[in-house]
Amino acid sequence: MPEVAVTAAVPGIGADAAFAAVADFAAYPRHTDAVREVVVRPADGGLESHWEVTFRSGVLAWTERDVLDPVARRIAFEQVDGDFAVFAGAWAVRPEGDGSAVTFRATFDLGMPSLAPMIDPIAERTLAENVRAILGGLLGPDVTFS
């Protein structure tokens with residue numbers, strides 16, 4: 001399965017504030033046109049979020065279970081329904097220098113094995129670009145990516 005990893009250095013914003021921004025999924029559509037809508041609601045001690053994102057000339061939609069751990073500054077997610085065959089991963093935030101570092105990791109399977117060699121690289125690139133746009137919008141123009 002393809003894996004996407006994005007790490008951002010966030011100068012001047014502490015880990016708790018960066019985690020709070022990352023955990024605000026409903027704000028994501030304001031930071032990239034690719035995220036059309038995110039609806040978040042409480043569910044069994046965690047959150048359930050429904051996502052609609054632009055992918056190529058269509059829309060991908062899914063619902064994921066999000067488990068937030070503010071003490072560890074970690075959010076684990078896993079699709080429970082939707083267009084992916086598999087979509088799971090985590091956000092992690094840690095203190096770094098005068099600010100913080102944010103890491104996003106996800107694995108996915110679009111469920112189209114015969115098209116995977118063509119579609120998976122596009123999906124990997126698109127997901128990474130969208131995560132960078134979201135983090136830049138949430139955490140400011142000084143964010144850098146490694």
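## A surface patch

Met118 is part of helix H2. In this predicted model, Met118 is exposed, because its relative accessible area of 54% is over the 50% cut-off. Together with Met112 and Leu115, Met118 makes up a nonpolar patch on the surface. The accessible area of these three residues together is about 260 Å².

## The nonpolar core

The largest nonpolar core has 41 residues. Those that touch the most other members are Tyr28, Phe87, Trp91, Val102, Phe104, Leu135 and Leu139. Helix H2, which spans residues 116–139, is the biggest contributor to this core, with nine residues.

Setting aside neighbours within four places in sequence, Phe87 is in contact with several residues, including Trp62, Phe77, Ala106, Phe108 and Leu127. Its contacts also include Glu64, Glu78, Gln79 and Thr107.

## Strands and hairpins

Now for the strands. Strand S2 (residues 35–43) runs antiparallel to strand S3 (residues 46–55), and eight bridges join them. Across this pairing, Arg41 sits opposite Glu48 in S3. The hairpin of S2 and S3 has two residues between the strands, and Asp44 there takes a positive phi near 45°.

S3 also pairs with strand S4 (residues 58–69), again in the antiparallel sense, over nine bridges. Here Leu47 faces Asp66 in S4. S3 and S4 form a hairpin too, with two residues between them. In that turn, Arg56 has a positive phi of about 55°.

How values were computed
Residues are numbered from 1 along each chain as its sequence is written. This is a predicted model: local features need pLDDT of at least 70, side-chain atom pairs count only at pLDDT 80 or more; totals for chains, interfaces and linings use all residues. Side-chain values use heavy atoms; hydrogens and water are left out. Two strands pair if DSSP finds at least two bridges between them. Helices (H or I, at least four residues) and strands (E, at least two) are DSSP runs, numbered from the N terminus. A nonpolar core is a set of buried Ala, Val, Leu, Ile, Met, Phe, Trp, Tyr and Cys residues joined through side-chain atoms within 4.5 Å. Buried means under 20% relative accessible area, exposed over 50%, partly exposed in between (1.4 Å probe, protein chains only). Contact means heavy atoms within 4.5 Å. Patches are made of residues with over 30% relative accessible area and no salt bridge: like charges are joined within 9 Å, nonpolar side chains (Val, Leu, Ile, Met, Phe, Trp, Tyr) within 5 Å. Accessible areas come from the Shrake-Rupley method with a 1.4 Å probe; for residues, only the protein chains shown count as cover. A salt bridge is a side-chain nitrogen of Lys or Arg within 4 Å of a carboxyl oxygen of Asp or Glu.
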